[in-house]
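Open the model in your viewer and keep the selection panel at hand. This tour moves stop by stop.

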Amino acid sequence: DGHANSVKLQLQWVTQAQFAGYYVAKDKGFYEEEGLDVTVLSGGPDIAPPQVLAGGGADVMLNWMPSALAAREKGLPVVNIAQPFKTSGLMLTCWKDTGIKTPQDFKGKTIGVWFFGNEYPFLSWMSQEGISTDGGPDGVTVLKQGFNVDPLLQRQADCISTMTYNEYGQVLDAGVSEDELVTFKYEDQGVATLEDGIYALEDNLKDPAFKDKMVRFVRASMKGWKYAEANPDEAAEIVLENDESGAQTEAHQKRMMGEIAKLTAGSNGALDEADYQRTVATLLAGGSDPVISKEPVGAWTSEITDAALK
Amino acid sequence: MVPNANSSVISAKALDLTFQTADAPVHALKDVSLDIAQGDFVSFIGPSGCGKTTFLRCIAGLETPTGGTLTVNGMTADEARRARAYGYVFQAAGLYPWRTIAGNIKLPLEIMGYSKADQNDRVARVLDLVELSDFGAKFPWQLSGGMQQRASIARALAFDADILLMDEPFGALDEIVRDHLNEQLLALWTRTNKTIAFVTHSIPEAVYLSTKIVVMSPRPGRITDVIDSPLPKERPLDIRDTPEFIEIAHRVREGLRAGHEDD
Amino acid sequence: MVPNANSSVISAKALDLTFQTADAPVHALKDVSLDIAQGDFVSFIGPSGCGKTTFLRCIAGLETPTGGTLTVNGMTADEARRARAYGYVFQAAGLYPWRTIAGNIKLPLEIMGYSKADQNDRVARVLDLVELSDFGAKFPWQLSGGMQQRASIARALAFDADILLMDEPFGALDEIVRDHLNEQLLALWTRTNKTIAFVTHSIPEAVYLSTKIVVMSPRPGRITDVIDSPLPKERPLDIRDTPEFIEIAHRVREGLRAGHEDD
Amino acid sequence: MRKIFPVLTVVAAIFAFWYAAVPFMNVKETLTGLERAGAVVVPDNPIERRDASSFGLVLNNSFAIPATYAQERPRLPAPHQVAQDLWKTTVMKKVTSKRSLVYHGWITLSATLLGFAIGTGAGIILAVGIVHSRAMDMSVMPWAIASQTIPILAIAPMIIVVLNSIGIQGLVPKAIISAYLSFFPVVVGMVKGLRAPDAMQMDLLKTYNASDNQGFWKLRLPASMPYLFASLKIGVAAALVGAIVAELPAGGARGLGGRMLTGSYYGQMVQIWSALVFAAVLAASLVLLIGLAQRRALKRMGLT
Amino acid sequence: MTLVILAFVIWVAMWALNTRLANGPRANSRPIQLLVPAIFGLTILVVWELLVHGLNVPLVILPAPSHVVATFFNEIPTLWLDFQQTFIKGALSGYVIGCGAAFATAILVDRYDFLKRGLLPVGNFVAALPIVGTAPILVMWFGFDWQSKAAVVVVMVFFPMLVNTVAGLQETTSMQRDLMRTYGAGYWPSLTKLRLPAAMPFIFNGLKISTTLALIGAIVAEFFGSPTMGMGFRISTSVGQLALDMVWAEIVVAALAGSAFYGVVAMTEKTVTFWHPSQRK
Ligand SMILES: Nc1ncnc2c1ncn2[C@@H]1O[C@H](COP(=O)(O)OP(=O)(O)OP(=O)(O)O)[C@@H](O)[C@H]1O
Ligand SMILES: Nc1ncnc2c1ncn2[C@@H]1O[C@H](COP(=O)(O)OP(=O)(O)OP(=O)(O)O)[C@@H](O)[C@H]1O
Ligand SMILES: Cc1ncc(C[n+]2csc(CCO)c2C)c(N)n1
Ligand SMILES: [Mg+2]
Ligand SMILES: [Mg+2]
């Protein structure tokens with residue numbers, strides 16, 4: 001029946017090239033080829049995808065692993081079934097003229113951080129550096145960063161969180177040259193956590209029909225991703241067509257697609273266990289109030305990707 | 001004042017009413033006995049707070065006495081109210097501002113389920129009676145205070161009640177308009193032969209209108225004097241300058257002052 | 001009615017006042033001439049809308065006439081107002097509910113800058129004058145209507161104004177209370193020898209109180225009759241049943257009716 | 001004219017003040033930009049400028065004033081920048097375009113109208129219940145007041161998710177949030193209105209031995225009309241705010257709320273400002289419309 | 001399923017009980033007037049609890065009240081910190097500044113009729129600006145800390161307070177004003193002795209409306225950027241962590257603080273405007 005073939009996907013942000021693979025797969029008919037009817041639900045800062053999943057509003061979601069593992073500990077058993085993003089795009093972007101050269105220079109500075117479950121890699125990084133996050137001359141003052149780069153441009157913060165593919169570009173678009181900035185990629189600092197994985201509910205995965213549906217979904221999605229990597233401009237156009245807000249510009253989405261392609265490049269969809277272990281280690285190390293308190297069990301499965309990539 | 005079941009339209013015996021309020025109970029009526037016969041025009045006069053309104057409301061079944069008996073048309077007051085035995089005119093006209101004058105007069109007729117045609121007939125008739133025929137389509141605020149008060153009397157006359165209860169209907173009007181309405185009310189009473197119970201503050205008004213003047217006094221509210229008027233039924237306004245009139249007025253004033261001195 | 005600058009406290013000559021309203025201009029006062037001498041008690045009577053209030057407000061400098069001349073204590077009305085030449089008593093007591101009775105009486109004294117000690121003296125004195133000594137610390141709503149009105153008279157007496165302007169001060173009270181206050185007012189007037197201008201709707205009240213009764217009539221508001229009262233200064237309440245009294249009352253009523261028939 | 005002149009004066013004063021404020025608000029970013037382009041500015045160090053007063057900066061770099069009015073990401077956009085953006089996004093775009101404010105305005109408006117209808121209906125029903133049942137009056141009223149201390153933005157996402165999970169999506173969840181905000185003023189106003197008839201008016205009906213039903217239709221309801229309209233005006237403005245708030249977690253970033261969100265997300269201050277102005281104009285028009293309906297209805301009822 | 005039925009039964013029973021209490025002989029006594037809403041509130045909690053368990057609602061969507069209460073008591077230090085940041089620093093300071101400024105403006109507006117006719121219509125327009133749009137702007141202007149929250153609150157409470165105060169200052173009857181004129185009283189005596197006292201009920205109306213606006217404004221503004229504490233901060237980050245129990249604990253704090261704030265202002269009103277008919281009995 002129709003239900004067996006319909007999939008609702010909850011994104012974790014508004015429509016942008018960060019999610020190009022799914023829009024491409026839909027637009028190019030890859031889902032249709034798999035017999036799937038996929039609805040892509042865009043997100044935003046006030047939407048918690050795990051909550052939507054729990055409420056039955058979606059079958060699968062995209063999520064950053066810290067947030068997904070936190071949900072798991074809260075009793076919502078979500079499982080990573082595929083990991084199209086190999087590399088993390090998260091970084092801190094700082095003004096060079098503040099004198100920041102290494103993470104140790106953060107002391108006494110003000111840093112904007114995204115919360116919503118994404119603060120944990122930062123906290124864990126700072127605790128590894130031995131820097132307190134409660135302000136004061138020897139610690140950093142943390143701000144809950146809103147959704148834009150103005151705190152940096154207006155120097156309310158010395159550093160802010162940016163994604164290589166989005167906010168960093170916005171800083172440059174504002175007329176700032178790369179020479180004026182210093183960046184710290186989480187990937188380079190060894191505190192990267194997995195981003196933009198595909199997650200489903202554990203209970204649903206016990207159902208073979210659902211599992212089969214997911215296999216087809218992941219297969220088609222990865223096909224979409226690989227197509228997007230190969231045809232970035234076309235992918236950006238497809239994203240633009242699907243943007244309901246009318247706020248996105250072509251230049252911005254094309255550049256984003258270019259940067260996204262670098263992050264998905266190393267992945268065929270299967271989760272690399274080493275990356276997973278590093279993510280978990282980072283999170284368990286996280287400061288005084290760690291996001292997860294114990295090693296998660298069954299938080300990911302390779303069954304789906306194994307079947308999809310056969 | 002011997003009760004007479006046949007001719008008495010309203011008959012109160014040893015009526016008592018105490019209001020329970022937050023602080024002290026208020027003894028509003030004490031041992032009030034009175035008989036009103038068919039066709040009487042009875043005025044109630046007395047200082048503020050002596051229970052005039054309360055007594056009228058008891059007759060209307062709007063207040064329940066805490067003691068004594070009260071019959072209206074041979075029924076209890078509440079039954080009489082349900083039987084729509086009387087028309088009630090309040091101190092202020094109390095017309096609904098969102099209805100025209102005709103609409104206001106129709107209100108009781110609609111509620112009592114008169115037919116549309118009958119409603120219109122009656123409205124026309126009572127408008128004529130109070131000389132407001134040209135004003136049926138106007139809204140209340142387009143009329144002067146005196147005209148509004150006449151409309152409210154028309155409203156009480158529109159359905160077939162033999163009793164008219166009026167609580168200071170002209171209290172808010174100026175003396176000249178009041179004189180005029182008094183004349184008209186007398187004419188109407190003569191023509192229709194209704195029984196009227198009328199509350200007022202004004203001695204001349206009471207004397208001019210009534211066949212019977214009931215003087216009340218407060219704390220607790222009770223009847224101190226009942227004066228049967230020797231004036232003829234036909235009363236030109238000038239009657240107020242006659243010695244008989246002045247004599248009765250004097251007696252009423254004396255009665256009032258006596259009641260007042262109890263304080 | 002020959003104007004006499006020496007004895008005339010208030011002197012109006014050919015006063016005219018037209019209100020400009022949204023629709024048609026209202027001719028509220030037309031050619032009003034009147035002299036009020038020191039110590040007079042002048043009542044203004046007339047049907048609603050005849051300009052009684054307007055005339056009093058002109059004297060008080062609250063309204064500006066559009067024609068004619070008006071002097072109060074030899075000054076213009078506005079100068080007199082600034083010189084605090086009169087006390088004004090409104091129809092409703094208009095006490096400020098957030099002040100005690102004493103506080104209300106203090107109000108004009110505070111504004112006029114009397115010393116604290118003087119304020120207390122005066123409050124005590126006028127409270128005594130209106131027989132409210134025990135109620136200084138009460139709030140207005142804790143008093144009956146008649147007591148409130150007495151407090152408002154006390155407020156107008158507290159400072160040294162020779163003129164008292166009163167606009168239907170007892171209009172809202174019941175007849176008995178009113179009689180009582182009338183008596184007290186007369187006593188006060190005899191004692192203080194103030195000049196009083198007094199607006200009323202009630203013929204008995206006008207006749208009972210005044211040395212001079214001014215009958216007015218509307219559209220446009222003008223003076224139709226000025227009656228000098230032959231009654232003695234000492235007036236018990238019973239005087240109202242004397243033939244002289246009834247005679248004057250009759251004349252006032254005739255004057256009123258004549259004005260009314262112009263409509 | 002007598003009515004419009006003071007308003008125009010105040011508006012002119014606001015614009016004058018606004019224009020005067022722009023250089024001070026934008027000077028720091030403007031100077032940084034100009035410095036990048038090679039101009040000499042004092043002081044020549046962005047950190048010193050951050051800690052300097054805007055006032056001094058404008059005085060010392062007066063050549064930069066014109067540029068403060070033409071910033072792409074201004075802290076305070078100049079009125080003409082907002083006006084240009086409004087013009088571009090309303091008149092110059094097809095109304096079906098996703099870049100048209102009219103298109104987004106309509107999305108918000110439809111949620112507002114539906115929410116307003118639901119809120120008003122619920123409010124009236126609740127008010128009737130409260131007036132007719134003492135139990136309801138005593139139990140519900142205190143909690144209705146307490147319910148308004150809950151920050152709607154905090155529970156809006158939950159409402160959306162909960163409704164989502166029982167299969168309600170799209171316009172309705174937004175309308176329900178919008179209704180949540182608009183129902184309260186209606187309840188308060190209608191309770192007051194239905195209780196407006198004084199004891200005498202109620203007694204009059206009693207003398208006619210009228211039923212409760214007749215009392216409602218012939219007295220309470222007509223007497224409550226002025227109150228109803230007064231609260232509808234407050235309610236419709238609240239409904240619009242509700243619809244805009246609901247657009248943040250509703251997904252898709254559509255509607256005026258979506259515009260404000262994406263504007264803030266991409267640092268497009270001008271876009272926020274024009275969405276704000278558009279929303280305020282929308283609110284004012286809705287209130288005006290209800291005012292017109294009020295005037296007509298009350299006039300026909302003889303109440304004015 | 002039994003739990004759901006039980007919930008229904010309890011609901012019906014409560015309603016029957018409340019109807020009896022409300023129509024009973026002592027319905028106007030103080031205890032009953034507190035008891036009836038209390039029973040109603042308690043029933044809602046019990047029904048909520050039963051439904052959450054009976055329908056197996058996931059914790060991450062709606063926590064049971066018992067769970068929220070437990071969190072509330074476990075997290076008191078955090079809640080207290082957030083309360084200070086948002087309520088004391090943000091809401092209260094904004095409330096004082098906003099209401100104070102509105103009051104001063106109202107006096108000015110009242111003095112100059114021109115301002116009144118010009119400013120009030122514009123004010124109504126500005127008051128319709130949704131907070132969702134103004135908050136990001138004000139956070140950008142005034143920074144991440146409580147100052148920007150106070151600014152949002154100022155913007156939210158200013159016009160309701162202004163409109164009420166202006167209306168209040170016009171509340172005097174012409175007779176009361178004329179009385180002042182008969183004393184030859186100038187502007188200031190009229191203002192302090194007549195118009196301000198007479199305006200108090202309206203001023204308090206504005207102050208009461210502003211209490212809830214202030215709290216909501218301060219919380220919502222934190223959604224758009226904040227330091228790492230505050231009720232709005234906690235709510236938005238806890239949603240991300242699916243700590244719904246914490247979200248509801250903060251909502252409980254908000255409701256308690258809001259009701260208490262309102263109550264304090266209402267009580268002050270009672271003492272200040274003791275003379276007003278609505279306050280007497
Ligand atoms: N519902 C009530 N509850 C308590 N006391 C009441 C109530 N109605 C009237 N009273 C009191 O009963 C007494 C008689 O009141 P009533 O209204 O009958 O007087 P009245 O003679 O009509 O006075 P007035 O001339 O002022 O209209 C007064 O003391 C009044 O305060
Ligand atoms: N401020 C005003 N603007 C326009 N017309 C007014 C104004 N004040 C009074 N009038 C009109 O002037 C006329 C005289 O009014 P005034 O109040 O002096 O009458 P009055 O004799 O005191 O009547 P009442 O006995 O009803 O108090 C009336 O027609 C009234 O409508
Ligand atoms: C409130 C909130 N803050 C941060 C993220 C993390 N995140 C996931 S995708 C994305 C977009 C990057 O351009 C960001 C920031 C989130 N989901 N919600
Ligand atoms: Mg009465
Ligand atoms: Mg008058």
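**Before you start.** This is a predicted model, in which local features need pLDDT of at least 70, side-chain atom pairs count only at pLDDT 80 or more, and totals for chains, interfaces and linings use all residues. Residues are numbered from 1 along each chain as its sequence is written, chains are lettered from A and ligands numbered from 1 in the order in which they are written, and side-chain values use heavy atoms, with hydrogens and water left out.

**Stop 1: the chains.** Colour by chain. Now select chains A and B. They do not touch, and their nearest C-alpha atoms are 49 Å apart. Chains A and C do not touch either, with 50 Å between their nearest C-alpha atoms.

**Stop 2: ligand 3.** Select ligand 3 and the residues around it. There are 14, and the nearest are Gln18(A), Asn118(A), Asn166(A), Glu167(A) and Tyr265(D) (a residue is near if one of its heavy atoms lies within 4 Å). Why is the site shared between chains? Because residues from both chain A and chain D surround ligand 3.

The shell has eight nonpolar residues, five polar and one charged. Here Ala, Val, Leu, Ile, Met, Phe, Trp, Tyr, Cys and Pro count as nonpolar, Asp, Glu, Lys and Arg as charged, and the others, Gly among them, as polar.

Show the side chains. A polar side-chain atom of Asn166(A) lies 2.8 Å from an oxygen atom of ligand 3. For a side-chain N or O atom of Glu167(A), the distance to a ligand 3 oxygen is 3.2 Å. For Gln16(A) it is 3.4 Å. On its own, ligand 3 exposes 430 Å², and the protein buries 95% of that (Shrake-Rupley method, 1.4 Å probe).

**Stop 3: ligand 2.** Move to chain C. Ligand 2 has 13 residues around it, with Ser48(C), Gly49(C), Lys52(C), Thr53(C) and Thr54(C) nearest. Show the backbone too. A backbone N or O atom of Gly49(C) is 2.7 Å from an oxygen atom of ligand 2. A polar backbone atom of Gly51(C) lies 3.0 Å from a ligand 2 oxygen. The side chain of Thr54(C) places an N or O atom 2.4 Å from an oxygen of ligand 2.

**Stop 4: chain E.** Select residues 2-57 for domain 1 and 72-279 for domain 2 (bounds come from an automatic or database domain assignment). Their C-alpha centres lie 34 Å apart.

Definitions and conventions:
Polar contact = N/O pair within 3.5 Å; in protein donor to acceptor, adjacent residues only side chain to side chain. Contact = heavy atoms within 4.5 Å.
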